[in-house]
Amino acid sequence: MDVKQLPTTAVLSDFVTVCELDGLKVVRVIHPKATAAISLFGAHVLSFQPAGKKDLIWMSEKADFSGTKAIRGGIPVCWPWFGKAAEPSHGFARNSIWTLNEHRENEEGVIISLTLEDSAETRAIWPHAFHAELLIEVTDTLKVSLVSTNTGESDIVIGGALHTYLNIGDVTETIVSELGNEFIEAGERKPSTGNTGFDQEVDRIYPHAAETVVIEDPAYQRRMTVTNSGNNAVVVWNPWEALSISMGDMADDSYKTMVCVESTVYDRSVTLAAGEKHTLTTLIACQ
Ligand code: TA6
């Protein structure tokens, strides 16, 4: 995505502007270290391009930016649960309008803070008081931190994921490694060699992945790393051909240039007592 082309609606600082993408308001960072774009709908990172490099983040050429459905690509914020633990799938955060809370910058980069709090709409889906903050740190790496706070009086139980779609040259040549000795696929636990290539659909939960997962992308002659904390698993997903064809917001062959590597709390295993916080992070770098 060429974020520099989006029409500007407000200038917030030397490096931060607000711009428009179809119906969406987008916070854009153009800094000597990197460019990035974050939609207020979903607090969704759309693009992160370190200076002199191709975008590290994949965005579907058929993504829907109308604000009526989750965006295909980028970094969807799945919260307060991952997957089909409840309805809607992957929670409501990725379909909610977040507030731009703060932006700070220096010569190393820019930090954007977006927030979401409970409302009549969220309580109709999930009857709890909360404060969520997404911190997006744009330097020559991208760090995304989701801080969940229980602002109610009784315990809440949460899961979630920073569901990153990575931009790669050719999935058939890509290897993801440091994934640990076991994965869960369709509810079944299976032994793992700790790495995976791709020649069919992959949709796996790796509960023993290392803190830093490595993605080798020979077609783009680069290696990316994804370093996570606050998670209890890394999810690796590529939909392959049949599923891509069935999805209206993916081109039929676009599965070839993406892989999701997700910092995940997959089973709603985090309990927060009144006033407690939990932080889920992912840090994406490219050598
Ligand atoms: O993280 C993997 C996954 O849960 C897959 O099962 C998959 O279908 C996907 O996320 C995408 O979900 P979505 O709701 O965005 O279509």
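Which loop does Glu178 lie in? Glu178 sits in the loop between β13 (175-177) and β14 (182-185), with strands (E, at least two residues) and helices (H or I, at least four) taken as DSSP runs and numbered from the N terminus.

## Ground rules

This is a predicted model, where local features need pLDDT of at least 70, side-chain atom pairs count only at pLDDT 80 or more, and totals for chains, interfaces and linings use all residues. Residues are numbered from 1 along each chain as its sequence is written, and side-chain values use heavy atoms, with hydrogens and water left out.

## Overall build

## Around the ligand

Arg72, Phe82, His90, Arg94, His163, Asp203, Val235, Trp237 and Glu262 surround the ligand, each with a heavy atom within 4 Å of it. By class, that shell has three nonpolar, two polar and four charged residues; Asp, Glu, Lys and Arg count as charged, Ala, Val, Leu, Ile, Met, Phe, Trp, Tyr, Cys and Pro as nonpolar, and the others, Gly among them, as polar.

Now for the polar contacts (N or O pairs within 3.5 Å). A polar side-chain atom of Asp203 is 2.6 Å from a ligand oxygen, one of Arg94 is 2.9 Å from a ligand oxygen, and an N or O atom in the side chain of His90 is 3.1 Å from one. Taken alone, the ligand exposes 390 Å², and the protein buries 77% of that (Shrake-Rupley areas, 1.4 Å probe).

Most residues other than glycine have a negative phi, and most peptide bonds are trans. Glu178 has a positive phi, near 70 degrees.

Two cis peptide bonds are worth a look. One joins Trp79 and Pro80, with omega about 5 degrees; the other joins Glu87 and Pro88, with omega about -5 degrees. Pro80 is in the loop between β6 (77-78) and β7 (99-106), and Pro88 is likewise in the loop between β6 and β7.

Definitions and conventions:
A polar contact is a pair of N or O atoms within 3.5 Å; within protein, one must be able to donate a hydrogen and the other to accept it, and residues adjacent in sequence count only if both atoms are side-chain atoms.
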